[in-house]
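The sequence and the structure are shown first.

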Amino acid sequence: MFRSIVESSPTPTAVIDGTSFRCLYANATMRALGLQPGHPLADRFPEASAVRMAETLSNGEGTRLRITGPEEVSWDLNVAALDGGPSLLVTLRPAESESTETAHHHAREVSHRVKNTLQLVSSLLTLQTLSAKDPDMRRAFQEACSRIGTVTQAHQRVHAAARGSLVDFGAYLSDACREMESHFAVGGPERRIAVTVEQAMVPVDSVIPLALILNELVGNASKYAYAAGSPGNIEVSLVPRDEGGRRLTVADHGRGLPPGFEVARADSLGMKVARAFAGQLKGKLRAEPNAPGARFVLDLPF
């Protein structure tokens with residue numbers, strides 16, 4: 001009955017003699033690791049010598065040994081007495097540190113592939129931009145490139161800063177605004193971005209939507225708030241709210257909002273993007289006069 005239960009188990013399992021530490025039985029998974037009945041446990045796992053095994057069983061601190069299996073993979077070897085008799089049940093499980101590092105290595109590989117894919121898409125859009133003859137089409141491709149760049153930067157921030165469930169979006173916001181400010185200065189009027197931000201630990205899944213909202217609101221302020229060729233400042237803040245959550249604000253001192261403007265009815269692609277992601281984050285986005293200028297406010301629940 002014991003054999004029928006453990007033979008096909010994915011956990012490497014064996015029964016060994018408690019005196020000689022020779023293998024009496026090994027299931028298919030353990031045999032695949034090289035331990036065969038009749039052979040001492042130490043023949044396959046040198047760390048589990050008779051002396052070490054005896055010490056482990058007698059010290060009263062537990063029955064676990066760190067050993068190395070095929071391909072230098074580390075295992076935790078667990079030992080338990082069977083029915084109080086001389087036979088011992090041995091099981092192997094991947095060492096926690098080993099499995100954690102393997103998971104992190106896999107995550108790094110996936111992140112690198114995602115980054116490369118985003119950069120490839122951005123490069124293709126850039127080529128399409130260069131070949132576009134229509135100014136409106138060229139502008140649309142440029143805006144698409146900007147959005148993909150925002151996603152790429154936010155993805156890098158998430159990967160670099162988060163092994164848990166939270167990321168400091170405040171640090172990302174400051175960096176992103178500095179980069180946008182430098183882009184505005186190339187071939188265009190001076191746009192200074194004043195940033196007010198505190199440490200803002202936000203859920204990992206919120207980083208990219210928030211980054212895209214920030215990109216759209218700052219981009220709109222740069223393009224529409226001031227007359228063509230005129231300099232102008234933009235103010236960005238991310239601060240806690242007294243009632244809980246946080247408030248993201250993007251404000252300017254330009255020409256102000258068009259008559260009758262409502263966020264819920266705005267039909268530009270940028271506002272549709274900001275509105276959609278605000279809804280995804282369960283936030284409330286609104287626009288209001290800034291006397292002079294305009295202010296966009298996003299109240300977030302986190």
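Glu-181 is buried, with a relative accessible area of 14% (buried means under 20% relative accessible area, exposed over 50%, and partly exposed in between, with a 1.4 Å probe and protein chains only). Its salt-bridge partner is Arg-178, and the closest N and O atoms are 3.6 Å apart; a salt bridge is a side-chain nitrogen of Lys or Arg within 4 Å of a carboxyl oxygen of Asp or Glu. Arg-178 is partly exposed, at a relative accessible area of 38%. Because the two residues are three apart in helix α7 (residues 169–184), about one helical turn separates Arg-178 from Glu-181. Helices (H or I, at least four residues) and strands (E, at least two) are DSSP runs, numbered from the N terminus.

The model is predicted: local features need pLDDT of at least 70, side-chain atom pairs count only at pLDDT 80 or more, and totals for chains, interfaces and linings use all residues. Residues are numbered from 1 along each chain as its sequence is written, and side-chain values use heavy atoms, with hydrogens and water left out.

## Salt-bridge network

The structure holds ten salt bridges. Which residues are linked in a network of salt bridges? The network consists of Arg-241, Glu-243, Arg-247, Arg-286, Glu-288, Arg-295 and Asp-299.

Within this group, Arg-247 forms a salt bridge with Asp-299, with 2.5 Å between the closest N and O atoms. Arg-247 belongs to strand β10 (residues 246–252) and Asp-299 to strand β12 (residues 294–300), so this pair ties together parts that are 52 residues apart in sequence. Arg-247 is partly exposed, with a relative accessible area of 27%, whereas Asp-299 counts as buried at 9% relative accessibility. Glu-288 and Arg-295 also meet through their side chains in a salt bridge, at 2.9 Å from N to O. Both count as partly exposed: Glu-288 has 23% relative accessibility and Arg-295 has 24%.

## The largest pocket

Rolling a probe the size of a water molecule over the atoms shows where empty space is left. On a 1 Å grid over the protein atoms alone, a pocket is an open set of points where a 1.4 Å probe fits, with protein on both sides within 12 Å along at least five of seven lines, and lining residues have an atom within 4 Å of a point. Grid points are joined across faces, edges and corners, and a volume is the space filled by probe spheres set on the points.

The largest pocket has a volume of about 1,100 Å³. It is lined by 33 residues, and those closest to its centre are Gln-142, Glu-143, Ser-146, Phe-184 and Lys-223. Two or more lining residues come from each of α5 (96–131), α6 (135–161), α7, α8 and α9 (269–280). Helix α6 gives the most to this lining, with eleven residues. By residue class, the lining of the largest pocket comprises eleven nonpolar, 16 polar and six charged residues; Ala, Val, Leu, Ile, Met, Phe, Trp, Tyr, Cys and Pro count as nonpolar, Asp, Glu, Lys and Arg as charged, and the others, Gly among them, as polar. The largest pocket lies between domain 2 (98–163) and domain 3 (164–301), because both give residues to its lining. The domain bounds come from an automatic or database domain assignment.

## The second largest pocket

The second largest pocket has a volume of about 320 Å³. Its lining has 18 residues, of which Asn-220, Tyr-224, Leu-257, Pro-258 and Phe-296 lie nearest the centre. The elements α8, β10 and β12 each give two or more residues to this lining. The largest share, four residues, comes from α8. The lining of the second largest pocket divides into twelve nonpolar, three polar and three charged residues.

Asn-215 lies in helix α8 (residues 207–224) and counts as buried at 12% relative accessibility. Not counting residues up to four places away in sequence, Asn-215 touches Ser-146, Arg-147, Thr-150 and Met-180 (contact means heavy atoms within 4.5 Å).

Leu-89 is placed in strand β5 (residues 87–94) and counts as partly exposed at 22% relative accessibility. Leu-89 and Val-79 are ten residues apart in sequence, with their C-alpha atoms 5.6 Å apart in space. Leaving aside neighbours within four places in sequence, the contacts of Leu-89 include Phe-2, Thr-13, Val-15 and Val-79.

## Chain totals

The protein chain has nine helices and twelve strands. Of its 302 residues, 38% are buried. Among contacts in the chain with a separation of 6 or more, 53% are between residues 24 or more positions apart.
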